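Subject: Structure handover

Hello,

Here is the structure I promised to pass on. My notes follow below it.

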Amino acid sequence: MPASLLARKIERWFARNQRRFPWRKTYDPYQVWVSEVMAQQTRMEVVLAYFERFLKRFPTLQALAKADDDDVTAAWSGLGYYRRARMLRDGARAVCARFDGAIPRDVEALVEIPGIGRYTAGAIASIAFDERAPIVDGNVARVLARLFADESQPWERATELVHAAKSPRDLNQGLMEIGALVCKPGKPLCHACPLRDDCAAFATNRVDAFPSPKKKPATRQLRIALYLVTDRRGRVLMRRESGPLMNAMFHLPHGDTSLLTAAPIAVSPKELLGTFRHTVTNRRIEFEVFSATAKRTAGFAWIDPASDFPHPSYVRKALRLAGIEGQRPLFARP
């Protein structure tokens, strides 16, 4: 089928079936950018829980550009992959410095901004500005691989479709929505797919063969002790960690280096308060939370749990387990 007819099917389907996301109300370039960064490696239902509150905290690109690392990571607490937040802020600063605060509309200029690669540039250009820029994320790659029974040329096929579209904005979002809602990885809803009659994989009963399976990193099972040390003012002993995971955030003292690189603290555990499970990348962790006293506190800080301090979501879970709610963090996962 000609690319123009495929594009029309996708655009018409999107017009009838699109999900109502807040950034689709105006297609403001800053909001589109934030949504795309949040959606990287994160389920959309989780993004929705954070997006509008993040915009209340940083309503404009200029407001985000002025934020320091702690402001940004505190606002991102719970979303994970915190480097995304700092790169987003760095990109906002670059737009203010190099483009007079206006996000550019063409891909060539967008990829010059820190943190924006080929996919994100195409998403901003096409979704915010309706430019003819292709995009290929996991959902789009899967739809195209099945549609053509060939996963070798996703960018070329995406380019052909977007240049044949009436609305690049609707075409690209339609491809992503079909991948998210219909052409799913495990159980595709082929009966509801607008491209079923044109799908080479469906016609040859090979839908499950595309895309070819990729080897996933082995899951690591860990058990880590966390120590809750408090002072008379109700402050909690924490340390700002550095390393490949959750860098520059405050963590509770711990008894293992499998997750964090800093040496464990010397403590005297008193009572097991409880356990909870948590996932960090390919690590499946059972945390044990103990009340404790510390033998030394050098290198640590006393943190008011009601303050807006940057922390990973497992820290909040541990505090809640211990009955220390403090102030509900602005971006706590429901």
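How many bridges join strand 2 to strand 6, and do they run parallel or antiparallel? Three bridges join the two strands, and they run antiparallel. Please keep in mind that this is a predicted model.

**Overall**

The chain has 334 residues, and buried ones make up 51% of them. Its secondary structure comes to 13 helices and six strands. Along the principal axes, the C-alpha atoms fill a box of roughly 70 × 50 × 30 Å.

**The sheet around strand 2**

Back to strand 2, which covers residues 236-240. Strand 6 spans residues 301-303. Within this pairing, Met238 stands opposite Ala301 of strand 6.

Strand 2 also pairs with strand 3, residues 250-251. Here two bridges join the strands, again antiparallel. Arg239 has His251 of strand 3 as its bridge partner. Arg240 stands opposite Phe250, also in strand 3.

Put together, three strands form an open sheet in the order 3-2-6, with antiparallel pairing. Strand 3 and strand 6 are the edge strands, as each pairs on one side only. In general, strands of a sheet pair through backbone hydrogen bonds, either parallel or antiparallel.

How enclosed is strand 2 by the rest of the structure? Four of its five residues are buried, so strand 2 is largely enclosed.

**Aromatic pairs**

A search of the whole structure finds seven aromatic pairs. One of them is Tyr227 with Phe290. Their ring centres lie 6.0 Å apart and the planes meet at 40°, so this pair is tilted. The pair links distant parts of the chain. Tyr227 is in strand 1 (residues 220-228) and Phe290 is in strand 5 (residues 283-294), 63 residues apart. Both Tyr227 and Phe290 are buried.

Phe287 and Tyr314 form another aromatic pair, and this one is stacked. The distance is 4.7 Å centre to centre, with 5° between the planes. This pair, too, links distant parts of the chain. Phe287 belongs to strand 5 and Tyr314 to helix 13 (residues 313-321), 27 residues apart.

Are Phe287 and Tyr314 buried or exposed? The cut-off for buried is under 20% relative accessible area. Phe287 is at 0% relative accessibility, so it counts as buried. Tyr314 is at 1%, so it counts as buried too.

Elsewhere, ring pairs link Phe21, Trp23 and Phe51 into a cluster.

**Charges over rings**

Two arginines are worth a look here. The charged end of Arg169 sits over the ring of Tyr27, 4.2 Å from the ring centre. Arg53 lies over the face of Tyr50, at 5.9 Å from the centre of that ring.

**The cavity**

How many cavities of 30 Å³ or more does the structure hold? There is one. The largest cavity has a volume of about 120 Å³. Its lining has 14 residues. Arg146, Cys183, Cys190, Cys193 and Cys199 lie nearest the centre. By class, the lining of this cavity divides into twelve nonpolar, no polar and two charged residues. Helix 9 (residues 138-148) gives the most to the lining, with three residues.

**The second largest pocket**

The second largest pocket has a volume of about 170 Å³. Which helices each supply at least two residues of its lining? They are helix 2 (29-39) and helix 6 (83-98). Helix 6 provides the largest share, four residues. Among the lining residues are Trp33, Val37, Tyr81, Arg83, Arg84, Met87 and Leu88. Pro114, Gly115 and Ile116 also line this pocket, as do Gln40 and Gln41. The lining has seven nonpolar, three polar and two charged residues.

**Where to start**

Then turn to the stacked pair of Phe287 and Tyr314.

Best wishes

How values were computed:
Residues are numbered from 1 along each chain as its sequence is written. This is a predicted model: local features need pLDDT of at least 70, side-chain atom pairs count only at pLDDT 80 or more; totals for chains, interfaces and linings use all residues. Side-chain values use heavy atoms; hydrogens and water are left out. On a 1 Å grid over the protein atoms alone, a cavity is a set of points where a 1.4 Å probe fits but cannot get out, and a pocket is an open set with protein on both sides within 12 Å along at least five of seven lines; lining residues have an atom within 4 Å of a point. Grid points are joined across faces, edges and corners, and a volume is the space filled by probe spheres set on the points. Ala, Val, Leu, Ile, Met, Phe, Trp, Tyr, Cys and Pro count as nonpolar, Asp, Glu, Lys and Arg as charged, and the others, Gly among them, as polar. Rings of Phe, Tyr and Trp (its six-membered ring) pair if their centres lie within 6.5 Å; planes under 30 degrees apart count as stacked, over 60 as edge-to-face and the rest as tilted. Buried means under 20% relative accessible area, exposed over 50%, partly exposed in between (1.4 Å probe, protein chains only). A charge sits over a ring if NZ of Lys or CZ of Arg is within 6 Å of the ring centre and within 35 degrees of the ring normal. Two strands pair if DSSP finds at least two bridges between them.
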